[in-house]
Amino acid sequence: MRQIFAFLFFAALSTAAFAQAVAFGNKLVSVGDPVGRVFEVAGQPSRTVPIENKFGAHEGERLEYFLGNKTVLITLRDGKVTQVQEVF
């Protein structure tokens, strides 16, 4: 019984790690990378959307890359990647 729980626990951890990175060709962009690395690996985004707080102050940016049948959303705050999403 412990082995099943241990397996499920480590499987859940591994999927969370893969959800925070995206591949562009044979290079990877992941959470914590600086903005320069994003542009180096992924190039210019298809669209840039500013992120504002409830008072209208600028908090960051969301870079949107439209890649065929999927969209990659990369959220930047303080010059670093804070979130990576793939939308199919």
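Student: What makes β1 and β2 a hairpin, and which residue in the turn has a positive phi?

Tutor: This is a predicted model. In it, β1 and β2 form a hairpin with two residues between them. Glycine 25, in the turn, has a positive phi of about 70°.

Student: How do you know that strand β1 and strand β2 are paired?

Tutor: Pairing requires at least two bridges. Four bridges join β1, residues 21–24, to β2, residues 27–30, and the two strands run antiparallel. The strands therefore count as paired. As one instance, alanine 21 has serine 30 of β2 as its bridge partner.

Student: What is the order of the strands in the open sheet?

Tutor: The order is β3-β4-β5-β6, with antiparallel pairing. The edge strands are β3 (47–52) and β6 (80–87).

Student: Why are β3 and β6 called edge strands?

Tutor: Each of β3 and β6 pairs on one side only. On average, neighbouring strands of this sheet are turned by 20° against each other, direction ignored.

Student: How do you know that β3 pairs with strand β4?

Tutor: Six bridges link β3 with β4 (residues 58–67) in the antiparallel sense. The requirement is at least two, so the two strands pair.

Student: What makes the pair of lysine 70 and glutamate 86 a polar contact?

Tutor: The side chains of lysine 70 and glutamate 86 come to 2.6 Å. The cut-off for a pair of N or O atoms is within 3.5 Å, so the value meets it. Lysine 70 is found in strand β5. Not counting residues up to four places away in sequence, lysine 70 touches Tyr65, Glu86, Val87 and Phe88.

Student: Why is threonine 75 called buried?

Tutor: Buried means under 20% relative accessible area. Threonine 75 has 5% relative accessibility, and therefore counts as buried. Threonine 75 also belongs to strand β5. Its contacts, not counting residues up to four places away in sequence, include Ile51, Glu61 and Lys80.

Student: How much of the protein counts as buried?

Tutor: Of its 88 residues, 27% count as buried.

Definitions and conventions: Residues numbered from 1 in each chain as written. Predicted model: local features only at pLDDT ≥ 70, side-chain atom pairs only at ≥ 80, totals over all residues. Heavy atoms only, no water. Axes fitted to C-alpha atoms, helices over the stretch in contact; angles between N-to-C directions. Polar contact = N/O pair within 3.5 Å; in protein donor to acceptor, adjacent residues only side chain to side chain. Contact = heavy atoms within 4.5 Å. Buried < 20%, exposed > 50% of the residue type's maximum accessible area, 1.4 Å probe, protein only.
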